[in-house]
Each structure stands twice: as structure tokens, then as C-alpha cells.
Amino acid sequence: MASKVTRDHHNFRRTVSLNGNKISNDGGDEGISVADNGNVTLSGDLDIDGSKITSAGALEIDAGGTVSITGAAVTIDAGEKFGLDGGGNTYIIESSADIISFFAGGTSRLNLSSAAALFNDTVALAACLGRGT
């Protein structure tokens with residue numbers, strides 16, 4: 001009886017299907033795709049239980065959710081927010097060219113430019129409030 005299974009020393013030349021999820025090299029969005037140059041693309045979430053994700057020593061996300069970036073710059077596209085409260089109304093943003101705005105409660109409280117620092121509300125010094133030295 002002839003077998004239709006091709007055995008080639010674990011060098012798969014076709015898509016591998018695992019319960020409807022696939023590992024392939026055909027460029028499709030099927031689960032895990034490995035390009036000819038070795039780049040791996042995942043569709044869906046990457047879950048590594050109890051470990052950490054590291055990328056070329058520059059980006060590391062540990063099991064506790066701490067993100068470390070070493071030896072690389074962090075950039076954010078113009079007009080995008082750097083959120084400080086999980087994506088709510090406290091953030092830092094480049095509000096226009098060369099102006100950095102600090103928002104709290106959804107309201108701009110401080111704007112910094114190369115010419116000035118503009119406070120948009122009352123300025124209180126900690127020592128004046130009895131909370132500083």
C-alpha cells in the first residue's frame with residue numbers, strides 16, 4: 001500500500017496544519033508564517049507563559065509586564081500620545097511642531113517649547129503648600 005506522506009527529514013515543504021491553525025511559507029495570514037529570509041510573523045497574540053520576550057537585546061518584556069529598552073531610542077509618531085494612566089486622560093504629546101504638552105484630567109497643564117514654559121493653571125510650589133523643604 002502506497003503512502004501519501006512525504007518524509008524529508010523534517011524539512012516541511014508544505015503548510016503544516018494544527019487544529020485549524022497553520023505554519024506556512026506561502027505569505028498567508030494563517031497563524032505562524034516563516035518567510036524565506038527567516039522572518040517569523042504571527043497572527044494573534046504571542047503568549048510565552050512565565051518567561052520573557054526579547055528582541056535583539058534592545059526590547060525585553062518580562063513575565064511581570066515590565067518593559068525595558070536598552071541601547072535603542074524610543075520614538076513616537078508626531079501627534080501620538082504617551083499615556084500615563086492606561087490610555088485615559090493623562091498623557092504627554094507633541095501638540096504642534098516643537099511644542100510638548102502635558103495633559104492631566106484631559107486638560108493641557110504645561111506646554112514646553114524652545115522659547116518658553118507655559119503653565120495653563122495655577123503654579124504652586126511645594127514649599128509654599130507646606131509639603132516641601
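Let me start with a cut-off: a residue is called buried under 20% relative accessible area, exposed over 50%, and partly exposed in between, with a 1.4 Å probe and protein chains only. By that rule Asn111 is buried, because its relative accessible area is 16%.

Before I go on, a word on the model, everyone. This is a predicted model, where local features need pLDDT of at least 70 and side-chain atom pairs count only at pLDDT 80 or more, while totals for chains, interfaces and linings use all residues. Residues are numbered from 1 along each chain as its sequence is written, and side-chain values use heavy atoms, with hydrogens and water left out.

Now the overall picture. The secondary structure comes to 0 helices and 12 strands; here helices (H or I, at least four residues) and strands (E, at least two) are DSSP runs, numbered from the N terminus. Read from the N terminus, then, the order of elements is β-β-β-β-β-β-β-β-β-β-β-β. The chain has 133 residues, and 8% of them count as buried.

For contacts, the cut-off is heavy atoms within 4.5 Å. If we take contacts between residues at least 6 apart in sequence, 0% of them join residues at least 24 apart.

β8 is joined to strand β9, residues 91–96, by 3 bridges, and the two run antiparallel. Within that pairing, Gly83 has Tyr91 of β9 as its bridge partner.

Next come β9 and β10, antiparallel again, with 5 bridges. They form a hairpin that leaves 2 residues between them, and Asp98 in the turn has a positive phi of about 65°. Across this pairing, Ile92 stands opposite Phe102 in β10, and Ile93 has Ser101 as its bridge partner.

Then β10 pairs with β11, also in the antiparallel sense, over 5 bridges. This hairpin too has 2 residues between the strands, and Gly105 takes a positive phi near 65°. Phe102 turns up here as well, standing opposite Leu110 in β11.

So which side chain makes a polar contact with the side chain of Asn111? The partner is Ser101, at 2.3 Å. For the cut-offs, a polar contact is a pair of N or O atoms within 3.5 Å; within protein, one must be able to donate a hydrogen and the other to accept it, and residues adjacent in sequence count only if both atoms are side-chain atoms. Asn111 sits in strand β11, residues 107–112, and Ser101 sits in strand β10, residues 99–104. Ser101 counts as buried because its relative accessibility is 1%. Leaving out residues up to four places away in sequence, Ser101 touches Tyr91, Ile92, Ile93, Ser95, Ser108, Leu110 and Asn111. With its neighbours within four places likewise set aside, Asn111 has contacts that include Ser95, Ile99, Ile100, Ala116, Leu118 and Asn120.

On to the rings. A pair of aromatic rings is described by the distance of the centres and the angle of the planes. Rings of Phe, Tyr and Trp (its six-membered ring) pair if their centres lie within 6.5 Å; planes under 30 degrees apart count as stacked, over 60 as edge-to-face and the rest as tilted. The count by this rule is 1 aromatic pair. That pair is Tyr91 with Phe103, stacked at 4.6 Å centre to centre and 10° between the planes. Tyr91 lies in strand β9 and Phe103 in strand β10, 12 residues apart. Both Tyr91 and Phe103 are buried.

Tyr91 also has a charge over its face: Lys81 lies there, at 4.3 Å from the ring centre. The rule asks for NZ of Lys or CZ of Arg within 6 Å of the ring centre and within 35 degrees of the ring normal.

To finish, is Ala78 buried or exposed? Ala78 is exposed, because its relative accessible area is 64%. You will find Ala78 in the loop between β7 (67–69) and β8 (81–83).

Definitions and conventions:
Pairing = 2+ DSSP bridges.
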